[in-house]
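Biologist: I'd like to learn how to read helix packing in a model like this one. Could you walk me through it?

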Amino acid sequence: MSKVKQLCLCALFTAFICICSVVCVPVFAVPITLSVFAITLCALVLELKYALISVLGFIALGCVGLPVFSSFTGGVGVLFSYTGGFIYSYVFMVIIISLFAKSEMLTLKILGCTLALIVCYICGVTHYSIVANVPFFTALSLVLGFVVFDVIKISLALLISQRIKSILK
């Protein structure tokens, strides 16, 4: 695939992540968004460096104040709020998923997505527990309800990514 096409896809995925991140259902301090779906799809479709550019672009847009984070929020302060750990975990998610996405074996892709989701929860829950000043396991119990939704989002991303990759060839 040409570099121009890769960069165009990179820009499209940055926009897609921005759109999916603002669509949310407010639950407690951490809302349910489509971010995990968008990040997973991005990492499964794009090469690692382009997926990283997309995610870092999304974070940069939010940091400069564009309302691309959940509930149309923006600014550096969001990274220091309850959801900040989840946002910066997206970088780690993309790296993990992209490394496993190189394989043609679906089981390895599923493993990569699962590991990435675990890292997302570890970063997000740790950050949340520090910001909210609650014990780690208390914070963890608050986000366990999100697991089912995130598994569904990852499953959809795995299915859709196969179709997108076949179209892009």
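Modeller: Axes here are lines fitted to C-alpha atoms, for helices over the stretch in contact, and angles run from 0 to 180 degrees between N-to-C directions. Helices (H or I, at least four residues) and strands (E, at least two) are DSSP runs, numbered from the N terminus. Keep in mind that this is a predicted model, where local features need pLDDT of at least 70 and side-chain atom pairs count only at pLDDT 80 or more, while totals for chains, interfaces and linings use all residues. Residues are numbered from 1 along each chain as its sequence is written, and side-chain values use heavy atoms, with hydrogens and water left out.

Biologist: Which residues make the contact of H5 with H7?

Modeller: Contact means heavy atoms within 4.5 Å. From H5 come Leu106, Lys109, Ile110, Cys113, Leu117 and Tyr121, and H7 brings Val147, Asp150, Ile154, Leu158 and Gln162. Sorted by class, that contact holds eight nonpolar residues, one polar and two charged. Ala, Val, Leu, Ile, Met, Phe, Trp, Tyr, Cys and Pro count as nonpolar, Asp, Glu, Lys and Arg as charged, and the others, Gly among them, as polar.

Biologist: Which residues of H7 are buried, and what covers them?

Modeller: Buried means under 20% relative accessible area, exposed over 50%, partly exposed in between (1.4 Å probe, protein chains only). In H7 the buried ones are Asp150, Lys153, Ile154, Ala157, Leu158, Ser161 and Leu168. Their cover includes helix H1 (3-22), strand S2 (32-33), helix H2 (35-45) and helix H5 (106-132).

Biologist: How does the span of H7 compare with the expected one?

Modeller: The expected span of a helix is 1.5 Å times one less than its number of residues. H7 (residues 147-168) has 22 residues and reaches 31 Å from first C-alpha to last, close to the expected 32 Å. For H5, the 27 residues should span 39 Å, and its end C-alpha atoms are 38 Å apart, which agrees.

Biologist: How do H4 and H5 pack?

Modeller: Helix H4 (residues 84-101) meets H5 at about 165 degrees, with the axes 8 Å apart. H4 and H5 are therefore roughly antiparallel to each other, and the crossing is right-handed. Their contact has 18 nonpolar, six polar and one charged residues.

Biologist: And at what angle do H1 and H3 cross?

Modeller: Roughly 40 degrees, with the axes of H1 and helix H3 (residues 48-63) coming within 8 Å. H1 and H3 are therefore oblique to each other.

Definitions and conventions
Angles under 35 degrees count as roughly parallel, over 145 as roughly antiparallel, 65 to 115 as roughly perpendicular and the rest as oblique. A crossing is left-handed if the near helix is turned anticlockwise from the far one by less than a right angle, and right-handed if clockwise.
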